[in-house]
Amino acid sequence: MNAVREPRRAPEPEKTRRSEPRKLGAWREHHAWSMSISLRRLGARPLGTLLTVAVMGVALALPLAFYLLLGNVQRMGDALGRNQSISAFMRPGQNAAMAQTAASALRGRPEVADIVVRTPKDGLDELAEVQGFSGALQSLDVNPLPYVLSVQPKPGLSADDVGRLVDAMKATPGVDMVQDTGAWRQRLDALLGVGGRAVALLALLLGVAALLVVGNTIRVDIQSRSAEIGVLLLIGASRPFVRRPYLYTGIWLGFLAGVLAVVLAVVLELAMAGPVGRLAAAYDGSVTFGGLPAWLLLSVPFASAVLGWLGARLVSARQIRRATAA
């Protein structure tokens with residue numbers, strides 16, 4: 001008696017492989033649909049969208065403005081004396097050979113970038129250029145000015161390194177007095193440190209404020225469409241499927257707000273260019289105006305888009321979960 005053979009079944013792996021491209025295509029189509037429908041919904045209420053983007057844009061532009069101001073204060077400090085040379089005044093009666101010997105002793109120190117020996121005649125010529133001194137200097141029979149060593153520290157030295165250099169200059173044979181602006185440098189560094197920390201905290205707080213603005217906008221939108229969301233959940237739609245258009249809404253709001261913040265920052269740069277140009281002319285071009293770096297301006301819209309996505313993600317998950325429970 002012949003054995004009854006069971007019919008062969010279709011291979012399951014091949015069926016699974018065929019369905020995978022369809023799932024991927026459906027996933028891409030829904031992302032494209034969510035992106036377009038979210039943009040159309042924002043366009044359907046232009047006033048509300050404009051107000052939301054304006055509030056977020058101004059909030060994101062404020063840290064950029066303070067960052068721009070802080071950077072230019074630092075440049076101004078560098079130009080007006082943050083890295084001024086340290087002057088060592090030789091004792092009266094020291095000659096050129098003694099001044100050169102003292103300069104050679106200081107050139108070997110690692111903190112020193114350059115040393116210029118200024119003669120008494122150089123000092124007298126500088127005083128003669130000052131208004132009101134030329135007549136008084138002509139009546140002098142003997143030049144009373146000493147030799148001066150103008151020591152330029154290496155850039156980037158800490159306050160401790162500059163202090164050690166000043167102590168070494170005071171201990172150099174033949175040096176009578178050392179004039180240093182180290183206290184001014186320390187105050188400026190401390191001020192810039194406080195300003196940098198304030199800008200970081202301000203950016204954090206205003207970033208949280210922008211996140212809350214997006215979250216509130218998404219919350220109101222979900223509440224107005226609660227019936228539609230309930231129907232989608234009843235017919236079997238998953239939570240990520242329902243949530244996706246609202247996430248793209250947050251991304252669009254954040255991106256547009258970031259673009260607005262960049263535009264406002266560029267407008268501030270242009271507004272400051274004129275006064276800073278006049279200031280630079282007053283200081284013979286030693287003060288320069290620096291704008292925001294290009295990498296920062298390009299990264300702001302994308303960073304704010306991520307911020308908008310995060311705010312929409314947090315609020316939409318909670319709201320849809322409440323709709324499911326109801």
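## Aromatic rings and a buried glutamate

Let's start with the rings: searching the whole structure turns up one aromatic pair. The partners are Phe 255 and Phe 302, arranged edge-to-face, with 6.0 Å from centre to centre and 65° between the planes. Phe 255 belongs to helix α9 (residues 239-282) and Phe 302 to helix α10 (residues 294-325), so the pair ties together parts that sit 47 residues apart in sequence. Keep in mind that this is a predicted model.

How open are these side chains? Phe 255 is partly exposed, at 29% relative accessible area. Phe 302 counts as exposed, with 55% relative accessibility. Another residue to look at is Glu 269, which is buried, with a relative accessible area of 15%. Here are those values together:

| Residue | Relative accessible area | Class |
|---|---|---|
| Phe 255 | 29% | partly exposed |
| Phe 302 | 55% | exposed |
| Glu 269 | 15% | buried |

Glu 269 lies in helix α9. So what does Glu 269 touch, once its neighbours within four places in sequence are left aside? The contacts are Leu 68, Phe 289, Gly 291 and Leu 292.

One more ring deserves a look. Which residue lies over the face of Tyr 246? Arg 41 does, at 5.7 Å from the ring centre.

Note on methods:
Residues are numbered from 1 along each chain as its sequence is written. This is a predicted model: local features need pLDDT of at least 70, side-chain atom pairs count only at pLDDT 80 or more; totals for chains, interfaces and linings use all residues. Side-chain values use heavy atoms; hydrogens and water are left out. Rings of Phe, Tyr and Trp (its six-membered ring) pair if their centres lie within 6.5 Å; planes under 30 degrees apart count as stacked, over 60 as edge-to-face and the rest as tilted. Helices (H or I, at least four residues) and strands (E, at least two) are DSSP runs, numbered from the N terminus. Buried means under 20% relative accessible area, exposed over 50%, partly exposed in between (1.4 Å probe, protein chains only). A charge sits over a ring if NZ of Lys or CZ of Arg is within 6 Å of the ring centre and within 35 degrees of the ring normal. Contact means heavy atoms within 4.5 Å.
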